[in-house]
Amino acid sequence: MLTFNNTELLSSTIESHVIPAERVAHVQVGNNLEHGLLVLTKSGYTAIPVLDPHYKLYGLISSPMILDAILGLQRIEFEKLEEMKVSDVMNSDIPRLRLQDTIEVALEMLINHPFVCVEDENGIFEGIITRRALLKIFQEKLIQ
Ligand code: AMP
């Protein structure tokens with residue numbers, strides 16, 4: 001039978017499971033869509049955080065968001081890649097966590113999102129926590 005002390009685990013903080021900001025691929029809010037698509041494609045991720053030069057977190061951008069923005073009625077308007085900014089298409093309505101938040105809080109958010117951004121009290125980006133990291137925690141606890 002699989003058992004574990006779930007209250008202890010669920011009430012522990014996410015801090016040690018966060019991928020730190022310096023290891024997270026990101027784009028800047030003022031970059032154009034061409035640069036955004038380049039970083040997304042090169043990184044191999046479909047969505048990445050949008051930051052400013054001071055690492056303030058603005059939102060997320062994904063390849064489908066960029067493709068949707070350049071899709072015209074008759075054709076793909078590639079010229080928009082250069083004209084439009086990341087800030088024009090990013091999603092700023094995103095869930096956010098703090099390093100002190102518990103695994104339980106993160107678990108609830110990660111049901112609907114493959115990763116969630118972590119910020120400090122000033123909105124400065126600290127990193128991300130991924131669904132994969134959370135599944136790993138539970139796997140390690142369950143299969144001991
Ligand atoms: P994973 O669970 O590792 O597949 O990651 C889930 C999602 O989190 C990826 O599809 C990316 O959108 C994001 N992600 C994970 N690691 C990174 C990273 N190092 N830099 C940017 N985004 C990441």
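Around the ligand we have Ile 19, Arg 23, Val 24, Ala 25, Tyr 45, Ala 47, Ile 48, Pro 114, Phe 115, Ile 128, Thr 130 and Arg 132. Near here means a heavy atom within 4 Å. This is a predicted model: local features need pLDDT of at least 70, side-chain atom pairs pLDDT 80 or more, while totals for chains, interfaces and linings use all residues. Numbering runs from 1 along each chain as its sequence is written, and side-chain values use heavy atoms, without hydrogens and water.

By class, that shell has nine nonpolar, one polar and two charged residues. Ala, Val, Leu, Ile, Met, Phe, Trp, Tyr, Cys and Pro count as nonpolar; Asp, Glu, Lys and Arg as charged; the others, Gly among them, as polar. β3 (47-51) and β7 (125-130) each give at least two shell residues. Strands are DSSP runs of E, at least two residues, numbered from the N terminus.

Now the polar contacts, meaning N or O pairs within 3.5 Å. A ligand oxygen is 2.6 Å from a backbone N or O atom of Ala 47. A ligand nitrogen is 2.8 Å from a backbone N or O atom of Ala 25. For the Tyr 45 side chain, an N or O atom is 3.4 Å from a ligand nitrogen. The protein covers 82% of the ligand's 480 Å² of accessible area, by Shrake-Rupley with a 1.4 Å probe.

On to the sheet. It is open, four strands, order β1-β7-β6-β5, mixed pairing. Pairing takes at least two DSSP bridges. β1 (19-20) and β5 (96-97) are the edges, each with a single partner, so one side of each has no neighbour in the sheet. β5 pairs with β6 (residues 115-119) in the parallel sense, over two bridges. Leu 97 has Val 118 of β6 as its bridge partner.

Conventions: A polar contact is a pair of N or O atoms within 3.5 Å; within protein, one must be able to donate a hydrogen and the other to accept it, and residues adjacent in sequence count only if both atoms are side-chain atoms.
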